[in-house]
Amino acid sequence: MVAAMVKRLASLAATLAAVSMVIFLVMNVLPGDPAAVALGTSAQEDTLAALRHEMGLDQPLPVRYVHWVGGAITGDFGTSATYGVPVRGLIADRLAVTLPLAGMAILLSMLLALPLGILAASRQNGAADWIATIFSQLGVATPNFWIGLLLILVFSTALGWMPSGGFSGWNDGMINGIKQLFLPAVALALPQAGVLTRVTRAAVLDVLSEDFVRTARAKGLNRRQALFRHVVPNALAPVVTILGLQFSFLVAGAVLVENVFTLPGLGRLAYQAFTQRDFLVVQNVVLFIAALVVVVNFLVDLLYLFLDPRLRSSR
Amino acid sequence: MPRHGKLLLGGAITALFLLTALIAPFWTPAAPTRIAIAERLKPPLVAGLLGTDQLGRDVLSQLMAGATNSLSIAIASVLLGAAVGTAIGLLAATRRGVVDELLMRAMDVVFAFPPIVSAMMLAAALGTGRMTAIAAIATFMVPVFSRLTRSAARRILTHDYVLAARAAGKGSRRIALEHVLPNIAGDIVVQATIQLGLAILTEAGLSFLGLGLAPPAPSWGRMLADSVTYIGAAPWLAIAPGVTIAFSVLGLNLLGDALSDLVDPRRRQGR
């Protein structure tokens with residue numbers, strides 16, 4: 001168990017280092033001069049040179065990389081050109097929106113998908129199974145940002161029940177914050193729930209055909225008892241894995257949904273920085289998001305280790 | 001859903017989508033980019049089958065032209081991602097050892113970048129446009145195809161006929177191309193069909209953010225982005241492109257599922 005942990009930690013560190021190198025190379029080696037982009041086409045040569053020096057662009061690439069990553073590890077992401085404040089503070093502020101949004105979306109998708117998937121598998125080819133199949137097919141095929149637009153159309157424009165967007169911060173109280181994030185979270189959750197329903201159904205069906213389930217029934221457990229004591233716990237591992245793999249899509253979805261609902265989250269920060277050509281912010285937010293995806297997958301891997309003891313010795 | 005139902009429905013929707021994408025460059029009810037301010041924001045059936053947008057452009061014609069753009073970008077991304085990913089997967093499976101380990105760790109690195117995020121990074125470096133969209137979507141598919149190919153190829157490599165081929169003096173490359181690839185082609189085609197749906201969703205997201213095709217080239221994602229301003233006055237502008245995207249992706253997913261059942265007979269029991 002300890003050896004497996006150490007190996008995974010080393011692999012995590014290597015992946016993070018490689019991720020940062022890829023971002024640095026794409027943002028700094030590909031043609032294009034951030035200083036020229038920042039100043040526009042009419043910039044004087046000496047102003048350009050001064051800005052390049054200020055941005056550290058006149059240093060050799062390896063020096064710039066080490067400087068950037070060294071800063072990032074200690075939490076110093078530099079200062080944004082357009083916002084004029086440290087990037088670290090920007091990221092922290094925006095995380096206070098994106099993390100609760102993602103958390104609510106994951107929770108909502110599990111609340112929808114787990115019961116539906118389990119019910120569909122336990123009554124295969126019944127009405128619940130049909131509903132689950134249609135729901136998951138539609139969920140997977142529908143773009144989350146469009147669901148967001150429809151929710152605005154119905155619940156804000158037509159009915160006026162919910163705000164159509166914006167976020168006034170957590171200082172106005174928990175309930176108010178959750179209310180403002182609710183529609184965006186639903187838009188993010190529905191496609192996720194589509195995927196999860198399908199995976200849950202397949203996982204439960206797989207376990208249902210195992211011998212130990214038949215043994216449990218033979219020992220006198222009824223269907224429901226066997227389902228919740230033996231089938232569901234064993235079906236959780238693949239569900240958790242998919243949840244981890246889907247995290248990447250959730251983050252990409254958050255970029256879109258935050259833009260639909262004009263939420264000041266991490267995705268909208270990256271997008272605004274991109275349109276304002278504030279590439280230092282783009283570079284750092286991309287690093288942050290990619291690192292988040294890697295770490296979440298690492299944690300899911302650990303959880304999997306915990307859920308499935310057979311994996312502890314191998315690999 | 002019964003297998004033939006999925007195959008028929010998915011096949012029919014996909015055929016309609018393909019046909020539209022092929023016809024649109026030659027014929028649409030109106031020129032998709034023709035601006036007619038006098039005809040702006042007309043509801044469906046008042047002007048054209050699906051109404052007009054804020055510049056008086058015919059919505060149906062834009063959707064048809066958008067199908068061509070959407071499908072061409074999706075196909076190019078999937079072909080690129082599948083070709084690179086399959087090559088990497090085959091290499092990893094046949095070489096094993098350090099090569100395998102390095103390639104698969106590299107795939108973990110690529111997988112860390114959600115497609116919208118990598119598109120923003122690439123667009124910052126290269127500018128927006130068709131090539132950036134294709135590169136960003138294809139990049140995300142490489143790990144998917146390489147992992148699939150690697151695990152499928154490793155399964156094939158344990159078969160006796162591979163041992164026989166090796167005993168007959170065939171090298172790794174010939175075994176990979178002559179014995180492994182033909183046997184896993186079905187899995188790759190199934191995955192490509194499903195990834196095509198994902199590529200269409202991603203492309204719509206990219207053009208929704210303005211990271212896709214430059215205007216005035218019609219695209220489903222940008223039609224939705226434009227509709228936000230008029231959502232109260234002209235809801236049809238927000239509904240038609242979304243339904244079109246969902247319908248197209250649904251068709252490809254159903255087709256992918258049905259093909260997957262055909263390729264893997266063990267799944268024919270309605271799993």
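Modeller: UniProt positions are given here in the numbering used for this structure, with feature names shortened, and annotations may be inferred rather than shown by experiment. This is a predicted model, in which local features need pLDDT of at least 70 and side-chain atom pairs count only at pLDDT 80 or more, while totals for chains, interfaces and linings use all residues. Residues are numbered from 1 along each chain as its sequence is written, chains are lettered from A and ligands numbered from 1 in the order written, and side-chain values use heavy atoms, without hydrogens and water.

In the unreviewed UniProt entry, "domain: ABC transmembrane type-1" covers residues 95-304 of chain A. An automatic or database domain assignment divides chain A into domain 1 (13-74) and domain 2 (95-314), whose C-alpha centres lie 36 Å apart. Eleven residues of domain 1 of chain A are in contact (heavy atoms within 4.5 Å) with ten residues of domain 2 of chain A.

In chain B, helix α4 (residues 115-126) meets helix α5 (residues 130-157), with Pro115(B), Leu122(B) and Leu126(B) among the α4(B) residues involved and Phe140(B) among those of α5(B). The residues of this contact comprise eight nonpolar, two polar and no charged.

How values were computed. Axes fitted to C-alpha atoms, helices over the stretch in contact; angles between N-to-C directions. Helix = DSSP H or I, 4+ residues; strand = E, 2+ residues; numbered from the N terminus. Nonpolar A, V, L, I, M, F, W, Y, C, P; charged D, E, K, R; others polar.
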